[in-house]
Amino acid sequence: MELHGIGASPLRKEDWPLLRGEGTFIADFKRPGMVHALVVRSPFAHARFSHIDGSAAMQAPGVIDLITAAELPDRGRPIPTRMFKDEAANRFLQKPLADGEVRYSGEPVAVLIAESRYLAEDAAELLSIDYEPLEVVLDMDDAPVAGHLVIERGDIEAAFAQADEVIKEEFRIQRHAATPLETRGLVAEFDAGAQTLTVWGAAKIPHVNRRILAQLLGWDESRIRLVELHVGGGFGARGEFYPEDFLIPFAAMRVGRPVAWIEDREESLRAMNHSREQVHRVELALKADGTFLGLKDTFVNNTGAYVRTHGMTVPGLSISMLPGPYAWPAYRGEYRSVLTNKTPCGTYRSPGRFEVNFVRERLIDIAANRLGIDKVEIRRRNFIREFPHDTGTLFDEHPVVYDSGDYSLLLEKALEAFDYSGLKRWRAQRSPDGFRRGLGIAFFVEKAGPAEREYARVELTGAGDVTVYTGTASLGQGMETTLAQVCSTHLGLPFDRVTVKHGDTAVIPEGMGSFGSRAAMMGGAAVMGASVKLRRRLLERAAEELEAAPDDLVLTVDGVAVRGAPSRERRGSIRLRAFRLPIWNPHGGSRGRHRHRRCPSPPLRRRLRHRPGDQPGDRARPDRRRLRAGPRRSAAGGIRVRRERPAAGRELHGLPAAHLGGGSRHRRAHHRGRAVAAQSAWREGGGGGRHRGGGRRDRQRGGRRAGRRGHPASVEPETRDRAGERMKPAPFEYDDPRSVDETIGLLARYGDDCKVLAGGQSLVPLMNFRLARPGRLVDINGVESLGQVKVENGRLLLGAMVRHAHVERSNDIAARWPLLHDAIVWVGHSQIRNRGTVGGSVAHADPAAELPCALAALDAKFHVLSKRGPRVLRWDQIFVSEFTTSLAPDELLTAIEVPPQDPSTGVAFVEFARRHGDFALGGAAVSIMLARNGTCSDVAIALLSAGPRPVRAEEAERRLKGGQVDDAAIKRASAAAVQGLHPTSDLHGSREYRVKLLQVMTERALTKALQRATRWAA
Ligand SMILES: Cc1cc2nc3c(=O)[nH]c(=O)nc-3n(C[C@H](O)[C@H](O)[C@H](O)COP(=O)(O)OP(=O)(O)OC[C@H]3O[C@@H](n4cnc5c(N)ncnc54)[C@H](O)[C@@H]3O)c2cc1C
């Protein structure tokens, strides 16, 4: 009998429906009569408001209800934290809706319920909210404190007094945010007869969220059912209890119909937990031989505008995991978790450990360099060698004790596996491509399996199939497969017979969910315990009937048999169906040893459960209870913990009021729906959602081509509403001119309320996200003359509507203007290039776009036309800044003129992007000509993603012109090319990184172009 248990590689159980397209994600889930919710969010990071005028919105088509804080019970009850609780921080908890003050951009202020999401979006534009912007707190050092903790172990002052060397450093970890492929979403339904609520779309912690929802509604948990569907990724952020987890069920109760809410990506980025933002000021005391004496870290954690369910988890984990695998005679950790006007924070992949592993290991590297000790050796000398080892820190108020380990052995194994000495030799060699080589080593200790218990129940059916019920959740991590393998191994029945059920609070009474690497560890241990017990019970029962000792029995696919005596096999499992074993994880998990109780006889209904206050571990470690009480020094571990109430200071939460005064700055702002979050071209956002030029009656939605060509389309209201339900962009009017003159006429007439539509590859996504809201589109795809390619007097004239794909495939362009060809193949993917146009790439003016950069190197000219007449602009006249050109609203870019290129010119276009098709982090376009004597007669260097618009490296060009071009000259020119550059720092790369990258790119492009020019000369 093949079990396919632990260690085997069977096909994953969860993949079968997903691969056949039968998955049910929340956006696939529908209920009869379902309506849609839009969460109206603050466009301001900090503002006061006194009134939300929803009268016009309520009159809009399809609108059913508007919910503000005034409609909520107690005007909204605060959402509690669920781990690392800190009473002092409770006054900064978030309520479901802002009530008079918003503290981050994206904070929910109201919920609109309508027949469709699009109708709700349109109605949201009619809401008027009298925002009065307030001062914004972003600087962590200047921010009010929500939580403060100090942990001390050993005599830290003495440790530093004895030190031969003290290393002091400051490390900053930037804000990160999870972006699961599937954004959050919920469908809630209220049964008025039974007075019960069902909520689909739960993830990660359904039972915990049921408890919180019940608490906020003031209900008994039994009236609420949460159901998990397929989940497209969690990463720690998805599935926590958010304001929407209250608002959507509450909306369903109010309107008496099922209510759906699907978060869009922009909402997700602003509203779902962020994480990680910390500044560590850290000091390491050590002896000259590298022995660690003490570690001091004072860090600030930016928790954002509110303390959310995991508000204190990240700083709490950071302070507890900083010591890592090293024996510190003394350790002092202190954090201040502060409030700023940013999205509130929670956990994100390896919360707390990501941050402090970097801090500690970097600090050790610096110490090793300072003392001249090998980086491996300094670690080896300081490992913990005796176990169990009490780190002196706390995890959610419980001492962090490492039970076992052999870090030196691990290190040796890793060095061998990676061939560390070979890598050192490799690093010492010169890289043929000019890169510098580095070799890094870092150590970490990982905690797994938080939350002290887990639920599992294993049932055997009459047909011999097994069902495992688990309190863990599936986030796409393969939990069903893992738990089925655990069950199969310990029960002794094949994997194929095991079905794993999870995520429905109606059939699984309790559970702690999936987070912190706990599903396999805690859920697996619970399933193991239940499976072992079921197996034992089966064999005991069969032993009586078969008159054999249980140890002589084996489980087969059909039943139970006596080893070596098939005739005495008990076929079928008639008696076995009654076996139901609900078992809480009988293993210690994160809270030490737990009592192991024997299961009573079947059928079992009683749950074996371990309460935190009822643990033998507590009795064995009296300090645990005392630590909960506040500032104490425990006799056992020498730990001193101080949890301090935040001092009064700058406040975002109205305590004290002084900070909020700001009386002089009374600016009223009417919020028309959601914020435009991206910086956009100066014509983007044209209509701003306002209804200019033509009333609603002749609006076409969805860009459907109704009406006569060249005339605004007219759609009957009924059709319009139906179309509206399918529309993503805000409503717009649509024109489809056939000639340049007609286009110019339309642009002159509608001015900045309209936008030209070319390939649509940039404009349409912006409109779909409503980051651009033109009142009218002038589609120039039907203007044939704009699609022409001409060569006149050796100059290339590309009509604005020439597609990227044409430039890519034209042999003539590749031969005569190779730089254009080389640049265009980097633009997006072939699908983008098939539609995208050269005019669109220029007019969009993305500083990371290849074409503008190449055109800058080629000294191209840009032909522009309006009713006022033609203009010809140089590249440095048309590109103004990020996504901004000097084209006036009534001007059309008609053609791009590229000067002739001498065939002897050597060209190169190089760039670096994380993946092919992504916008480049940096790049360079070079053309170079050599004189007969080999000196440089002409050169052009343009840089990509180097600033708000293409940059010509004039100083580098000047240095090269007239001189011999060799490796040294190229290096000097590349260094000169990046002098004074200020590329934007963002999450893809810091300013320093980008400058370095641009230098390398310039060097490569020059080298390549030179090779080509030299080949020509030869
Ligand atoms: C997934 C993806 C990846 C991409 N990757 C890259 C990349 O790596 N590199 C890159 O360069 N681009 C990239 N792009 C952008 C793409 O190249 C666009 O096609 C291009 O930026 C715009 O060209 P378009 O014809 O589609 O213009 P549209 O999207 O139709 O218009 C863009 C803007 O230009 C204006 N406009 C267009 N034509 C004219 C005109 N003749 N006169 C006046 N204004 C005009 C429009 O009003 C609009 O504001 C990517 C796009 C996508 C969707």
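1. Basis. The model is predicted, so local features need pLDDT of at least 70 and side-chain atom pairs count only at pLDDT 80 or more, while totals for chains, interfaces and linings use all residues. Residues are numbered from 1 along each chain as its sequence is written, and side-chain values use heavy atoms, with hydrogens and water left out.

2. Sheet order. Three strands form an open sheet in the order β31-β33-β32, with parallel pairing. Because β31 (733–735) and β32 (754–757) are at the edges with a single partner strand each, one side of each has no neighbour in the sheet. From one strand to the next the twist averages 25°. Strands are DSSP runs of E of at least two residues, helices runs of H or I of at least four, numbered from the N terminus; pairing requires at least two DSSP bridges.

3. Pairing and packing. β32 and β33 (residues 776–779) run parallel and are joined by four bridges. In this pair, L757 is opposite D779 of β33. Helix α18 (residues 740–750) packs on the sheet and touches β31, β32 and β33, its direction making about 165° with that of β33. Angles run from 0 to 180 degrees between N-to-C directions, with axes fitted to C-alpha atoms, for helices over the stretch in contact.

4. T505. This residue is in the loop between β23 (498–502) and α14 (519–546). T505 counts as buried because its relative accessibility is 5% (buried: under 20% relative accessible area, 1.4 Å probe, protein chains only). Leaving aside neighbours within four places in sequence, T505 contacts P206, H207, R210, I224, R225 and L226 (contact: heavy atoms within 4.5 Å). A polar atom of the T505 side chain is 2.9 Å from the backbone nitrogen of L226.

Methods. Buried < 20%, exposed > 50% of the residue type's maximum accessible area, 1.4 Å probe, protein only. Polar contact = N/O pair within 3.5 Å; in protein donor to acceptor, adjacent residues only side chain to side chain.
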